[in-house]
Amino acid sequence: LDLVQTRSCRIESDTGRPLRVLVPIFDLINHARDHNAEFVREGDFLVVRARRDIAANSEMFISYGGSTQPAWKCLFSYGFVPNTEDIYEDDEAEIVVEGSRFVVNPTEVPFELMELEAEKLGLPTGDDLELTPEMGSRIVDHILDAAKELHNSSGKEVSDKDTSAKLVDDLRRSNWRTLRACAGGLKEYIESIA
């Protein structure tokens, strides 16, 4: 199953249903979120087409699709963590606050985390809950604490020969970048409402 998952292309069948097919050579094309090529079905053929000009001797990239986002999903589905410093809205990282897990991303904070902080501050909760600067600051602190933990646990010398340790470290770094982006965006929003 792993071989098919990591080497197959998803296309739409004649009936409109998704179909996985093994296409020699296509599985050699690497993934990038900002891909410069794509594959399309033309009758009985799959064709790779450039999405924009590609310089001579440059690498061609396609998107492996939604199963590459967030980074942990890409690791699970394809066995690698995307090598990018870029942060995207759909990147996610997990934090634990008082034993509860919350998934945050650069543009959203879970409502349940806001409720938790509102309760601690003695504020009313429910559907009309709005983020206050004090709640937001506490959430930023939680996110930065989680980022600090990740940063402190990564960055140790990892041998390129130790593939598993390298992948774990890559995932930590990706989550750290996501947490930092989330904290920065939330901090900026808090300043705008204060």
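## Nonpolar cores

A nonpolar core is a set of buried Ala, Val, Leu, Ile, Met, Phe, Trp, Tyr and Cys residues joined through side-chain atoms within 4.5 Å. Here buried stands for under 20% relative accessible area, exposed for over 50%, and partly exposed for values in between, with a 1.4 Å probe and protein chains only. This is a predicted model, in which local features need pLDDT of at least 70 and side-chain atom pairs count only at pLDDT 80 or more, while totals for chains, interfaces and linings use all residues. Residues are numbered from 1 along each chain as its sequence is written, and side-chain values use heavy atoms, with hydrogens and water left out.

The largest nonpolar core has 23 residues, and the members that touch the most others are I95, L113, I139, I143, L179 and L186. Two or more residues of this core come from each of β7 (93–97), β8 (100–104), α3 (111–120), α4 (133–153) and α5 (163–193). Helix α4 gives the largest share, seven residues. Helices (H or I, at least four residues) and strands (E, at least two) are DSSP runs, numbered from the N terminus. Contact means heavy atoms within 4.5 Å. Residues up to four places away in sequence aside, L113 touches I95, V97, F102 and I139. A second, separate core has six residues, among them I29, A37, C74 and Y78. In soluble globular proteins, nonpolar side chains tend to be buried together.

## Aromatic pairs

Rings of Phe, Tyr and Trp (its six-membered ring) pair if their centres lie within 6.5 Å; planes under 30 degrees apart count as stacked, over 60 as edge-to-face and the rest as tilted. By this rule there are four aromatic pairs. One of them is Y64 with Y78: the ring centres are 4.9 Å apart and the planes stand at 50°, so this pair is tilted. Y64 is in the loop between β6 (61–62) and α2 (71–78), while Y78 is in helix α2, and the pair links distant parts of the chain, 14 residues apart. Both residues, Y64 and Y78, are buried.

Y64 also pairs with F80, in an edge-to-face arrangement with 6.1 Å from centre to centre and 80° between the planes. This pair, too, links distant parts of the chain: F80 is in the loop between α2 and β7, 16 residues from Y64. Y64 has 17% relative accessibility and therefore counts as buried, whereas F80, at 24%, counts as partly exposed. Together Y64, Y78 and F80 form one aromatic cluster.

## The cavity

On a 1 Å grid over the protein atoms alone, a cavity is a set of points where a 1.4 Å probe fits but cannot get out, and lining residues have an atom within 4 Å of a point. Grid points are joined across faces, edges and corners, and a volume is the space filled by probe spheres set on the points. The structure holds one cavity of 30 Å³ or more.

S174 is buried, at 11% relative accessible area. Apart from neighbours within four places in sequence, S174 is in contact with A71 and V81.

## Backbone details

The peptide bond from Q69 to P70 is cis, with omega near -10°. P70 is in the loop between β6 and α2.

Two residues other than glycine with a positive phi are described here: I25, at about 80°, and E98, near 50°. I25 is in the loop between β2 (18–22) and β3 (30–31), and E98 is in the loop between β7 and β8. I25 is exposed, with a relative accessible area of 59%. E98 also counts as exposed, at 59% relative accessibility.

T125 is in the loop between α3 and α4. With a relative accessible area of 40%, T125 is partly exposed. Its C-alpha atom is separated by 8.7 Å from that of M114, eleven residues apart along the chain. Leaving aside neighbours within four places in sequence, T125 is in contact with E115, A118 and E119.

Notes: On a 1 Å grid over the protein atoms alone, a cavity is a set of points where a 1.4 Å probe fits but cannot get out, and a pocket is an open set with protein on both sides within 12 Å along at least five of seven lines; lining residues have an atom within 4 Å of a point.
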